Amino acid sequence: MHFIRRKGWEIAEREVSPEQVFFNRRAFLNGGAALGFGTILPSLGKSGSAFAANEPDPSASFYPVKRNELYKVDGDVTPESVNSQYNNFYEFGLSKNISQAAEGLKIRPWVLKIEGMVEKPFEIGFDDLLKKVQIEERVYRHRCVEAWSMVVPWSGFPLKSLVDLARPLSSAKYVQMETFMDPKMAPEQRGFWPWPYVEGLTMAEANHDLAFMVTGAYGNPLAKSFGAPIRLHTPWKYGFKSIKSIVKIAFTDKRPQTFWETTGPREYGFWANVNPKVSHPRWSQAVEQVLGTGDRRPTQIYNGYGDYVADLYKGLEKENLFM
Ligand code: MTE
C-alpha cells in the first residue's frame, strides 16, 4: 500500500478538542485497488459531528458514560476530528470521507430483529434496548486490514448482554449480524456488491468479554459515519468484522457467509484475526500507520489482545484464522 502523508493531517491530540469541527484534507492516497478496501479518492472533509443542530439524538442523555479502566491501551486516543474524517462505510461511498454522505442515514425509528435459533424471536427498539443494558466506555485499539490503526473511546455494552437477552438455543453455533438495506438512503447499495453488509462470530467469540456493541464514541451517541446507532467492535480482529448500523442479529448453526468473503474470497475470510506475520495479498500486516500521529509501529498478534483471546482458537489451527 502506498501512503502519501499530507501536511495538516498529523494533528497532535493536545491541539484538538473532541468537539472541534474543521475541514481536514484526508491523509492518504492509494494506488487503487480492485475490491473496495484501499480505493481511496482525495476529497474535502466536513464536520464529523453526529447530528445536525435541528436533529437531537434521543439517546444523548445517556452520555458521557463512565470509563471502565480495565479496558485501556498504551497509545493516545485518536482525536475525534481525525477519526471522523477517515471512515469505511461503503454504503455511503468508496472514499474514507463519507461523513457528509452518512448524514443521510436515518437512525430513528431503529428496530433490531433477533431471530434464528432462539427460544423466541423478537424485535426491540434501539432506545428500549439501551434501557436494558449497562453502558460503559472502553478504550480499544482499532486495526484495519488496510494497515492503519486508531485508538477509540467507544461507549457501549458487551455483546454477551445482548446474547443473554436473545436466549439462543444450545444448538446455535454462530451469531450473524446484518446492516440495514435501503438503497434509497445509501447510494452504494444500488451497486453490484452483495448487500446488505453481513458479519458473524462464533458463539464463543460473541460471548467473549471483549466483544463490544458500540452505541457511542468520544462521550456522545455514535456518529452516523461511525455506524449509528449501533455497531460491533471486536478489537482483536481486523476492522471489517466490526459491522456498522446493525438491524438484524440471527443465531444459526451455519457459519455466516460474510460480505467481504462473498466479495473477495481470496482476500477475506471469516476469522480475520490480526496477525503481523500473515500478509494480506495486497498489504503486509507487519507494520501499521497510527492515524493522527505519524507513527508507524509493529503490529501485534491479535492486535495486542492475544493474552485474552488466543484460547478461543485452540483446536482451530487448521482454519484460516488470520484472513
Ligand atoms: N460496516 C458496514 N455496514 N459497512 C462498511 O463498509 N466497513 C468496515 C467496518 N464495518 C463497514 C462496516 C471496515 S472495512 C472497517 S475498517 C470499519 O468498519 C471502519 O470503522 P470506522 O469507520 O469507525 O473506523
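Where is N303 found? N303 lies in the loop between β12 (296–298) and α7 (306–309); helices (H or I, at least four residues) and strands (E, at least two) are DSSP runs, numbered from the N terminus.

## Basis

This is a predicted model, in which local features need pLDDT of at least 70 and side-chain atom pairs count only at pLDDT 80 or more, while totals for chains, interfaces and linings use all residues. Residues are numbered from 1 along each chain as its sequence is written, and side-chain values use heavy atoms, with hydrogens and water left out.

## Surroundings of N303

N303 is buried, with a relative accessible area of 1%; buried means under 20% relative accessible area (1.4 Å probe, protein chains only). Leaving aside residues up to four places away in sequence, N303 touches R141, H142, R143, P235, W236 and V274, where contact means heavy atoms within 4.5 Å.

## Nonpolar core

The largest nonpolar core has 85 residues, and L159, M213, I249 and F251 have the most contacts inside it. Such a core is a set of buried Ala, Val, Leu, Ile, Met, Phe, Trp, Tyr and Cys residues joined through side-chain atoms within 4.5 Å. Strand β4 (residues 148–158) gives the most to this core, with six residues.

## Strand β7

In strand β7 (residues 212–217), six of six residues are buried. β7 pairs with β4 in the antiparallel sense over five bridges; strands pair if DSSP finds at least two bridges between them. M213 of β7 is the bridge partner of F157.

Three bridges join β7 to antiparallel strand β9 (residues 231–233), with V214 opposite R231.

Key
Buried means under 20% relative accessible area, exposed over 50%, partly exposed in between (1.4 Å probe, protein chains only).
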